[in-house]
Amino acid sequence: MLHSIFRHLKCWALAGALATVSVAGAQTASPAGETAVSLDSCRAMAVANNKQMRIQAAKIKQADYQKEEAFAAYLPSIDFAGGYMYNQKNLSIFDSDQHLPIMSFDGKGYNFDLVTGPDGMPVMVDGKPVPKQVAYLPKDAMTYDIHNVFFGAITLTQPVFMGGKIVAMNKITKYAKELAESMHDNTAEDVIYAVDAAYWQVVSLKAKHELAKSFVNLLDTLHNNVQAMVNEGVATKSDLLTVDVKLNEANVDLLKVENGLTLSRMALAELCGLPVNTEMTLRDENSYQRPDADEPVATVYDMNEIYSRRPDLHALELGVKITEQQSKVALSSMLPNVALVGAYSFSNPNLYNGYKNRFNGAFHIGAMVTIPLWHWGGNYNKYRAAKAETTIMKLQLEDAKEKIQLQVSQAAFKASEAIKTYTMTRSNLASADENLRHAQIAFREGMATTDHVMAAQTAWLKANSENIDAEIDVNLCKVYLSKVLGTMNYEHYYDTEK
C-alpha cells in the first residue's frame, strides 16, 4: 500500500513539473509595447555607430583631400612675401663733402683746367695739381633715408620636371584612398561578425535560461512532493537531501545563466552604439529559423576569386603599389629638378629711377635647375631602403595569401562539422525525448526511482542545451565562412552610416 502511494505521489510530482518545461525555441510573449530588434537592425546600428567605422570613413575623406593636394603640385603656385625693416642709420656714399675737378674742351679733347704758376706749370699741393674749377657735391646730397624700408614680391613657380616625384605622389594618394576604402570594408566585416556573435550569444543564453528555469521548477515541485512524502513516512530524508542538492545546483546554474545573459545584452548594446543598460528584446529570442542541416558546404574554391573579393588582401596589394611609388619618390631625390619662375618685386624706397621714397617694382622671369651632385650616398641608400620596403610588402602579400587559403579551408571544415554536430544533437535530442518517455512509463509502473527520472530529465536538458549550441554554431560558422570568402553583404548598411 505504501509503495503504491509513493509511486502515485512521484507520478503526480513529475507530471506537474513537466508541465512547466519549455522546449528551446517555444514562442513567448515580448514585453508590452517593446519592439523586437532583428539581426539586420543590429548590424545597421553597429555599422552606423561604430567608432572604428566612423574613423575609417574619416580616413577616406582625408585620403581624398590628400589626393587633391597631390594633384595641385602639377599646377603653378603663386606666393606673396613681404616685410618691413627699420634701420638705425641712413646710407651715405661719401664720408664728407666732395669737390670734383671739371674738364674743359680745348679743341682737341677734354682736359682738366688746372691752376698754373708764373712758369706756366700746374701748381702742386700735397703732390696733386690744383683745378681752377670744381663741382661741389655736398655729403647730404648723397645720403639716403633707409630708416623705414618696405619690400615685397609676388612669385609664380611652375614645376617642369621634379624627377617624377609629383607623378609618384599622385599615384600614392590615389592608392591611399583605395586603401582607406578597403580598410573601411574590412572593418565593416569585423563589426558585422562581432554583432552576429553577440546577437546569437544572447539568443543562446535566453534559450538556456528558459531551460534552466524549467529544470528549477521541476526540482522545486519534486522537492515539495518528496517533503510531503517524508512527512507521511513513505520517503526517507536521504531522498529529500538528494533532491535539495540538485535543486541548489540548478539555482546556481540559473543564476550564472541570468548573469551571462545580462552581460551579453550589455555587450550587444555596446556594439550597436547604444547605452549598455538599454532594454532590447531580440526578434530571435522567442523563435528563429532553424538551420538547414541538409545544406551542403563546398570544399573546393577558386582562390583567385576569393583573393579579389577580400578587402584586407586588396589593402596589402595597394600597400605594394604604394611602396613602389615611394621608391620612385626616393629616386627623384637623385634626379635634376627644373622649374619656371616669374615674380614681381617691389620696395619702398626704390632705385629704379633714382632714389625715391615710394613704392615701385618690376617683373622678373627665369628658370631654376637643381642638380644633386654628392650627398655621401644618403639619397641612394634612401632609395635602396624604399626598394627593400617593397620587397617586404610583396612577401607579406604572399604570406597573407597562404594564410587566407588555410583560413578558407578551416572555415569550410568548421562549417561542415557544425552541420554534422547539429545533425547529431538533433538525433540526441530525439533519443533524450524517448529516454524521458520510457523513464516516465517505468516510473508509473514502479520500476524506476526518482533518481532515474531526474537523470533522464537532466539528460533531456543537456540534449536541448547542446542542440541550442549547435544551432548557434551553425549560424556563426556560416557568417564566418562568408567573411573569409569575401561574400559578406555589408555595403547596403553604409546608407545608415553617420
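**Close-up views of a predicted model**

**View 1. W376 lies in the loop between β12 and α8.** Strands (E, at least two residues) and helices (H or I, at least four) are DSSP runs, numbered from the N terminus. This is a predicted model: local features need pLDDT of at least 70, side-chain atom pairs count only at pLDDT 80 or more, and totals for chains, interfaces and linings use all residues. Residues are numbered from 1 along each chain as its sequence is written, and side-chain values use heavy atoms, with hydrogens and water left out. Phi of W376 is near 55°, a positive value in a residue other than glycine. W376 is exposed, at 73% relative accessible area (exposed is over 50%, buried under 20%, partly exposed in between; 1.4 Å probe, protein chains only).

**View 2. A cis peptide bond links N348 to P349.** Its omega is about 5°. P349 sits in the loop between β11 (337–348) and β12 (360–370).

**View 3. K67, K171, K174, K321, K328 and K387 form a positive surface patch.** Helices α4 (165–232) and α7 (311–332) each give two or more residues to this patch. Patch residues have over 30% relative accessible area and no salt bridge, with like charges joined within 9 Å and nonpolar side chains (Val, Leu, Ile, Met, Phe, Trp, Tyr) within 5 Å. A salt bridge puts a side-chain nitrogen of Lys or Arg within 4 Å of a carboxyl oxygen of Asp or Glu. K387 belongs to helix α8 (residues 378–444). K387 is partly exposed, at 42% relative accessible area.

**View 4. Helix α9 (residues 450–485) has 36 residues.** The expected span is 1.5 Å times one less than the number of residues. Just after α9, G486 takes a positive phi of about 75°.

Note on methods
Accessible areas come from the Shrake-Rupley method with a 1.4 Å probe; for residues, only the protein chains shown count as cover. Lys and Arg count as positive and Asp and Glu as negative; His and the chain ends are not counted. The place of a charge is taken as NZ of Lys, CZ of Arg, CG of Asp or CD of Glu.
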